[in-house]
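Student: Could you take one part of this model and look at it closely with me, going slowly through the terms as they come up? I would then like to see how the rest of the picture connects to it.

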Amino acid sequence: HVATVVSGTELARQIHKEVQSDIAKLVAQGNRRPHLSVILVGDDHASHTYVRNKTRTASLLGMSSSTIFRPSSVSQEEMLELIYKFNKDRSISGLLVQLPLPAHINERAICNAVAPEKDVDGFHIVNIGKLCLDQRCMVPATAAAVWEIIRRTGIETVGKNVLVVGRSKNVGMPIAMLLHSDRNHERPGGDATVIMAHRCTPLPRLKELASLADVVIAAAGVPHLITADMVKEGAAIIDVGINRMQDPVTGKLRLVGDVDFEAVKEKAGFITPVPGGVGPMTIAMVMKNTVTAAKNAPTY
Ligand code: ADP
């Protein structure tokens, strides 16, 4: 059999509708229209594309947004001052600083400067702490995207084996945190048996672990790391990788995931494509987080 290809684009459309109607309700009740502010440093092409996607989606859903551009020479001081100013600005519901930042800026210091209640990326140390304690919090958008894909597709996790490939603090770790934790806690988890693989996991070991997994979440940033011979028949494969590769034939840049999609599709039960899988859902979850921030904002 061939896997069901899970369209992140389609699921994102559903979430967009929900967020749009939430915004309409908020505004109809006399609240301020939610506003997303983004700080974008430098001229990294991918970062500019992501930010454009976020602000464009925000406006499609009835939110206002603004992007503040700074050159890669910006000082950490100036970044912090900007963030403090935005934290105080009551017209701003959600604030995110697009990562990565130039090497002379301490990303942790920047993430921790954003007011936790406006932290729509969920990278503030308090939000991460709450995530790890199964408390309600801003969940990082990529992890939230994976969670929603699993839930809305009806992929079971309770008591299942989940392999998370990648342990980054922004992606792999929060995904593993959501999936291993208890469904009855304040912030419900997936109750799965979660294993994390990372760059020290030998390839034969990765293969062995993948063959046991009911769900594989690939977030390693290695093109086609997950091949058909590794995965269990009928497994759900969620591809978080976004790798820009030059097509050997056309010479054009194209996006490929961490999963060998064409081959794995023949064996899996569910599979997400790249592009059109986790990517659009991640944007949708930033939108959802922004509305959550707006709802939680003090009304004085
Ligand atoms: P992302 O932001 O998508 O998580 P990073 O580059 O920050 O990407 O992190 C990549 C993660 O993938 C790291 O945790 C790293 O250990 C893991 N990784 C890299 N190569 C492999 C590999 N061959 N097998 C398993 N995990 C890997």
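**A buried proline and what surrounds it**

Tutor: P102 is buried, because its relative accessible area is 16%, and buried means under 20%, whereas exposed means over 50% and partly exposed lies in between, computed with a 1.4 Å probe and protein chains only. Before going further, keep in mind that this is a predicted model, in which local features need pLDDT of at least 70 and side-chain atom pairs count only at pLDDT 80 or more, while totals for chains, interfaces and linings use all residues. Residues are numbered from 1 along each chain as its sequence is written, and side-chain values use heavy atoms, with hydrogens and water left out.

P102 sits in the loop between β4 and α4, the latter covering residues 107-113; helices (H or I, at least four residues) and strands (E, at least two) are DSSP runs numbered from the N terminus. P100 belongs to that loop between β4 and α4 as well, and the peptide bond leading from L99 to P100 is cis, with omega near 0°. Although P102 and V41 are 61 residues apart in sequence, their C-alpha atoms are 7.9 Å apart in space.

The peptide bond from V274 to P275 is cis, with omega near -5°, and P275 is in the loop between β11 (270-271) and α10 (278-296). D134, in the loop between α5 (125-132) and α6 (141-153), has a positive phi of about 60° although it is not a glycine. D134 counts as buried because its relative accessible area is 10%. H224 likewise is not a glycine and has a positive phi, of about 55°, and its place is the loop between β7 (215-218) and β8 (236-239). H224 counts as partly exposed, because its relative accessibility is 33%.

Finally, consider the ligand. Among the residues around the ligand are R167, H198, A220, V222 and L225, each having a heavy atom within 4 Å of it. By class, this shell has six nonpolar, three polar and two charged residues; Ala, Val, Leu, Ile, Met, Phe, Trp, Tyr, Cys and Pro count as nonpolar, Asp, Glu, Lys and Arg as charged, and the others as polar. A backbone N or O atom of R167 is 2.8 Å from a ligand oxygen atom, and a polar backbone atom of A220 is 3.4 Å from an oxygen atom of the ligand. The protein covers 71% of the 580 Å² of accessible area that the ligand has on its own, with areas coming from the Shrake-Rupley method and a 1.4 Å probe.

Definitions and conventions:
Polar contact = N/O pair within 3.5 Å; in protein donor to acceptor, adjacent residues only side chain to side chain.
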